[in-house]
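Keep the structure in view as you read.

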Amino acid sequence: MRRRAARRPRPWWGSGAARDLLLLPAQYDEDAEGDGCGSARAERRRGAAVRAGAAALRAGLLVTKCGLLRHRPAGGGAFWVDSQQKRYVPVKGDHVIGIVTAKAGDVFRLDVGGSEPASLSYLAFEGATKRNRPNVQVGDLIYGQFLVANKDMEPEMVCIDSSGKSSGMGIIGQDGFLFKVSLGLIRKLLAPKCEIIQELSQLYPFELVLGMNGRIWVKAKTVQQTLIIVNILEACEYMSAEQRKQALAKLSGNR
Amino acid sequence: MAAVMAVESGQSRLRPFSCELGLLSRPDGRATFLQGVTPSVLAGLYGPVEAKISKELPDRAALEVLLRPKVGLPGVLERSREQLLRQTCEAVVLGALHPRTAITLVLQVLSDASLLSCCLNAACMALLDAGLPLAALFCGVTCALQPDGSVLLDPTARQEQEARAILTFAIGSSERKVLMATTKGSCSVEEMQQCLAAAQGAADTIFQFYRDSVRRRYCKS
Amino acid sequence: MKATPLSNCERRFLLRAIQEKKRLDGRQCYDYRNIRVSFGAERGCCIVELGRTRVLAQVSCELVSPKPNRPTEGVLFFNLELSPMAAPGLEPGRQSELLVSLNRLLERCLRDSKCIDTESLCVVAGEKVWQIRLDVHLLNHDGNITDAASIAGIVALCHFRRPDVSVQGEEVTVYTPEERDPVPLSIHHMPICVSFAFFHQGTYLLVDPTEREERVMDGFLVIAMNKHHEICTIQSSGVVMLVPDQILRCSKIAAVKVTEITEQIQKALENDQKARKEGGKFGFAESIPFQRITAFKMESAAVDTNDVEEQAKEIIAKADPPAEVFSKPVLLAAGTAQIGEGVENSWGDLEESEKEEAAEEEGESEAAAFECQKVETEDTMRETKNGKYCFSWYHILLYPFL
């Protein structure tokens, strides 16, 4: 199995112990701390960062999304709210799969599933010059990362990293299949040593690209195998680990 | 006038309600809310998505609410309810995080009688399900003032018709503030304050219900 | 809101898969998705789920005067709506072409096939007939709206009961459901649409296409048939040219499918009828699968309203006293009155003849409105930051004081 999602961004969903504390919006984090996260309180005082899902107010922290509270102790500590969501909001540095919708002069317009189309300059590919343009058609798939992504400006994507190398980004091949899942599942799949991917890799060899905007591209040797992988990944959202193992066992038995 | 109310048992009952989250595959946030047997509303939410140039706002998200009745075309009643819902939602959604986008909330009435409070609850659950940034949760509670002056929470259709006044409140989850209030019929100041206090008590139950249903959904992962 | 574009890679993959006779969800070429029918508490209301496509149908009736050229027949009115929640590309007012074609298809399937006996809807010839109105709403779009809408329509019509009517000479009595049991509509047969999608210039054929398959199809054929194998409607569209052979094959497939679907519908109707008769629970609340983690139910809850009085009194005592009470309304003419006086006109001097009634109050007193006699108001109030109430907009109906 060759995994194209070579470079994972900073792992902020890391391996912290998952505290099953459900937070709902409009809950001050003072309450959450009182529920027994003693060490958490200590880390907060040390200036731990608070990431997605909470907004800083003068009076304290305000929870803005509903989900489970997660904590990563390493590197100063960070807290975030792990929520299930379908709609993607562009974040700088995220690797996503975009669909080319238009070519406007020197710039391609890509649909990334957010509220605005992203722009991608034709020079942002490895080895591209004014004479040597990349061969991109409308409807192609591109794997790139966000250079500029904030709420006030149109998001911009590039297919090279800061040193000019493509490191796995660029136009995705012609075959294979693209489908969409929820953002939570993507984060689970991108975690290091993800069980699902390991189990699937024992089934058939396949290529996989995971975009943080919920899009997954899969390519296996035959159409049938690709469809099986697609269905299993889509069902992973609602299947528990045992059900998944059973389904995979049945499939590998059938082979 | 007010003394009669405290007599019975000092307790009012909310009808059983149930909800289902995430049952439509296309919308970003979707919820069904059923109150009692009859009133039920299905809410679907898309957002934040690209807004039309004529409708986009430079500093926050443009929220649009569409309420569709089961029979016939939407009329004046639906339009006024849409405005009330929109104002309530705008008060809680942190639109400043998504400027120049649009958030569309579509509510479909699934049964004959649609209480405004049912629409409010369905809207809040859809906002939760979609993962939009919220400053607070809200819930809708309806009170009926009976001719003898007693306060009845969550009235049925028949009780509504016999009541002297119907008051609907949208109550926020932070400090139980009132986000929206609308009344039909006449009542005195004291009666209104009593209904409000009763509604704030009922709001606690409804917020606990939100918490339990969301917990059930997240407990698997 | 724009729909997500279809990438070339998806299109190519789907066409290749169809060539190998494989579908995304593992169905065979002629298989339907799971059909699930659930009924509401009211008569004539049902939700049909065809895979993930969801459709809501409601039937209602009222007495109207008949059309002049058909004085003894009832009136049928069909309305299909694509709700904006069904798919991101559907906005109110921008889906005209698809909407019109679906509406026409539904009408031809149900009205022109004469499945409902319109003569039985006549109450007084030439004066009063029943108008049966069917509203169909699409709640979630995952392909094949036609089939789902036709199934929902015919199920709702079979489920519906209209009030009983008796005519004695010149007198017509309409009985409420409590007085006499409502009667069902007289339906001759149940036409159901079956959709076929063609690919690769008609070489490959799929039944019940999903939304993705619909995006890559070349041609589309709909056959409406009932279980007696009578074709009620046929419609073909798209860029594919069909030979008669293919159409015959499709009609044979449709015959088989329609029989299966009709059986399923009959069973669902019988189950609902049984549940209602035995006094069991029915309605949407019962059809939600509560074992799923996405559903949750709470039983009737008690709310403690004991100390509501004391709380209310406290709040009123603490609140600021209301601003000075405005004077009673001044009657200007029969039917118009004025409360308070308007503010100074800041635009400068306008002509004296332009006297506007200051009907908008700018005070902060809720007490004033309530103390106004015989005032019916429908108010909308917003809490301002300092906790007082202030009116932003309301209607006043004033009775002229005699």
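A:Asp175 and C:Arg16 form a salt bridge, with their closest N and O atoms 3.8 Å apart; the term covers a side-chain nitrogen of Lys or Arg within 4 Å of a carboxyl oxygen of Asp or Glu. Between chain C and chain A the count is one salt bridge. Helix 1 (residues 8–19) of chain C supplies eight residues, the largest share of the side of chain C that touches chain A. By class, that side has six nonpolar, three polar and seven charged residues.

This is a predicted model, in which local features need pLDDT of at least 70 and side-chain atom pairs count only at pLDDT 80 or more, while totals for chains, interfaces and linings use all residues. Residues are numbered from 1 along each chain as its sequence is written, chains are lettered from A in the order in which they are written, and side-chain values use heavy atoms, leaving out hydrogens and water.

How many residues does each chain bring to the contact? Chain C gives 16 residues and chain A gives 20 residues, where contact means heavy atoms within 4.5 Å. Together the two chains bury about 1,600 Å², 63% of it on carbon and sulfur atoms; this is accessible area (1.4 Å probe) lost on putting the two parts together, summed over both.

Now look at the lining of the largest cavity. Its residues include A:Cys66, A:Gln84, B:Met125 and B:Tyr218. The lining divides into six nonpolar, two polar and two charged residues.

Terms used: Helix = DSSP H or I, 4+ residues; strand = E, 2+ residues; numbered from the N terminus. Nonpolar A, V, L, I, M, F, W, Y, C, P; charged D, E, K, R; others polar. 1 Å grid on protein atoms, 1.4 Å probe; cavity = no way out; pocket = protein on both sides within 12 Å on 5 of 7 lines; lining within 4 Å.
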